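Okay, thanks for letting me go today.

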Amino acid sequence: MTNNEIWQAVLSELELNISKANFNTWFKNTGIVSFQESHVVLCVPNTFNQAWIEKKHHQQIIQSLERITSLPIRKLEYKIENIKNVTELTINTSITPPQAHQEEKVSFSTASQSTPLISPGFSINPKYTFDNFVVGKGSELAFTAAKAVADRPGESYNPLFIYGGVGLGKTHLLQAVANELLRKNPQTNIMYVSAEKFTNDFITSLRTGSSRDFQNRYRLIDALLIDDIQFIAGKDASQESFFHTFNELHQANKQVILTSDRPPKAIPALEDRLKSRFEWGMIVDVTAPDFETRAAILDKKCHEKNFPLETKILHTVATIVQSNIRELEGALNKIIAYHQLKNMVPTQESVKSLLSSFEDVCGKSREKKLSFPRQVIMYLLRNDLKMSFPAIGDELGGRDHTTAMHANEKISKEVENELKLKQEVELIRQRLYINNI
Amino acid sequence: MKITCTKENLSKALSIVGGIANKSVNLPILGNVLIKADDQKTEIIATNLELAIVVHVRSKVDEPGSFTVPARTLTEFVGLLSEEKIEMELKDNELVINCGKSSTKIKGSPADEFPVIPSVHTGTGFLFAVDELKTGMGQTVSSLAKSEIRPELSGMYFGFNTSYYAGLVLAATDSYRLAEKRVAIKQGEGEFKIIVPGRTTSEIIRILSLVETEDGEKNVRFLVGENQIAVHFGNTQLVSRLVEGNYPDYAQIIPKEFKTTATLDTEKMTKEIKTASLFTTTGVNAINCSFEGKEGVVKLASISSQTGEYNSEVVADIKGDDNKITLNHRYVLDGLNNLKSESAVFKIINADSPCLVTPTNDPNFLYIIMPIRQ
């Protein structure tokens, strides 16, 4: 179990014993910083939370921890720290681009413009570059257009509108442009946000009366990159604000790049003047990769992850997973994790069985032959791993936590009443635990 | 719990803590004040989970105990009492208050539901003269950023014994203007750079103005701990969390050399700027200032497509080149209001560089306004 899983389990126990309001107030943004033998350090957001948790829940937490980990806890300490720092640090230290810090200083020193600015939406992942984008038939045009934009921002195609289904590389291209621009000139002021963030910022600016801050933030920049612009549809005031932002940037020859899951014409409740503006520059689509591209992507990912697979197996995976690249990567991760854990060499059979079964249980189907096993899985996750209901729902194809609750209740009852089911569940448990040992 | 105290003492204590006792959706008990009586003393406590204020109230404790009641109800009620002596007793989850011939029961919640107030055990102590600190914080507080977009700018910077200044430096900026004040440290050593939340700074200023010390104590004590700060003054103690993050290195934007210096009357300038502000475009608030050395005036001009235009002059002692700059009237007024000096000095380089405003009677305060670029 990871520290996070342990803490989630502790929280789900605590949640049962205290009121929701109390729980939300005191346990929000808490987590385990370190867990070494019998010494646990918790991070809490501030001294108030620390004082409360220490006084009211100290013993409870120790007991929960002992029960969940089956280890004796000798010392439980508290540390005031931002949970985000903790998780980011342990997961990936290089996730924030090195420019982020400089950016702040730079903007402060150029503050003489009376309109200093920072781009708080600035979260460009340096992982996405043009070099590691696998170009296929479906993405050739989009790739070329994005490259042209990165070479001559604001001149070649403005705006650039990229559309296509989920997990086909829109965001990758968008961020690749940003990274390329930053590589050429680290001082470039790029605003990269989702349409939702844009709307939220706009609403916040209305509420706090800081519409000038908002304007400065979005208008005094070198390039504006908005992901999933279709979400702006139907939000009239945001659309209008975006319209003005767009015009201003376009007039100043600043590059605008937008992505969406469908072409501008097909976005409902989008004002005509915006539609026509989107169609002004260049509209490119990315479509699902063909078989060869999928195989090439898999090959590249395998090299990145240092886990070479036979060409045959690659082809099997590329045949089974057809829909999008995100799923392709997910499938690959699963194969790698499975075989590394079991210390096995992947074979065509093992890969096939691995990909077929799990997909279905996590899928949308409500057929009994799938839904019942799914419910049993939920029951086991709840009772044996003590996972929280929302986490279980997420794990099994993003289902609602109430679905998980229902499944748990239902199977619990049936296990009590039906001997056969009880035996089967026991059998599953045995297989799971014996394999583990 | 059973205590007796005077109306005056209780009323004062409630007015000090009352400001932060506000109901929160998640935790309604935050709208209550905690009354805590032990053998030696009675404390009135309120918190909003960012900061907490504890006031000691002189009282006779017959029976120790603690209880919480809604802050507003208690404050308003005590304010209306006519007798001086107040008796409070906890009976069956109600606070019974006897005063003169009246008897009241106020419903409340048990004290163990009230947040635990963190105590600052370890930290470094500093001593300041109350008046100096209060004035200094008052002069800078209005420059704090109102929004939380950059949390570090929504708080006030406190630099203790930094290489920049051996004393306390207070700074506040919303990135359009900046106010900086230097305050002497009477006692205390060690270098610290902390950011105190905006709300906390207003409460500290309030406490420093409201609390009357009995022994005529003129010093306020700060205790700087990790992630938190405690302020002791008279019978009142404030504990607050600090804002995470690093304060921007603002010193680098303060210009060192200027082309034009104008010394003028603060009051006249304030009046003219106010008048000119009526004729600016809302949202832009631009006033054009031209510094004319030969005529010895600063010419102010504003124009709005809706209301009209305004031209005026303020007599000034101008040294250096003739110069022009466009400034936001709100920022100029905020600065002038905080100078606390009869005459003001405006120093500028050109239309694109920051404008420095200082009082003539205090070398420890400075105010910087970013110009509006044309």
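Let's start where the chains meet: the contact takes 29 residues from chain B and 27 residues from chain A. By contact I mean that the C-beta atoms of two residues, placed from the backbone, lie within 7 Å. On chain B, the side touching chain A has 14 nonpolar, 8 polar and 7 charged residues. Here Ala, Val, Leu, Ile, Met, Phe, Trp, Tyr, Cys and Pro count as nonpolar, Asp, Glu, Lys and Arg as charged, and the others, Gly among them, as polar.

Quick housekeeping: this is a predicted model, where local features need pLDDT of at least 70, side-chain atom pairs count only at pLDDT 80 or more, and totals for chains, interfaces and linings use all residues. Residues are numbered from 1 along each chain as its sequence is written, while chains are lettered from A and ligands numbered from 1 in the order in which they are written. The pLDDT is the predictor's confidence in each residue, from 0 to 100, and chain B has a mean of 92, with 100% of its residues at 70 or more. The model scores ipTM 0.71 and pTM 0.58.

Now, which residues touch the most other members of the largest nonpolar core? They're B:Val17, B:Val33 and B:Ile53, out of 127 residues. Such a core is a set of buried Ala, Val, Leu, Ile, Met, Phe, Trp, Tyr and Cys residues joined through C-beta atoms within 7 Å. Buried means 20 or more other C-beta atoms within 10 Å of a residue's own, exposed means 12 or fewer, and partly exposed is in between, again with C-beta atoms placed from the backbone. Strand β4 of chain B, residues 51-57, gives the most to this core, with 6 residues. Strands are DSSP runs (E, at least two residues), numbered from the N terminus. Apart from that core lies another one, of 59 residues, including A:Tyr157 and A:Met191.

Over in chain A, 3 strands form an open sheet, ordered β1-β2-β3, with mixed pairing. Strands pair if DSSP finds at least two bridges between them. At the edges sit β1 (31-36) and β3 (75-80) of chain A, each pairing on one side only. Strand β2 of chain A, residues 39-44, runs parallel to β3(A), and 6 bridges join them. Look for A:Cys43, which stands opposite A:Lys79 in β3(A).

Last stop: A:Val286, in strand β8 (residues 282-286) of chain A. Why does A:Val286 count as buried? Because 23 other C-beta atoms lie within 10 Å. A:Val286 and A:Lys170 are 116 residues apart in sequence, yet 7.3 Å apart in space, C-alpha to C-alpha.

Key: Helix = DSSP H or I, 4+ residues; strand = E, 2+ residues; numbered from the N terminus.
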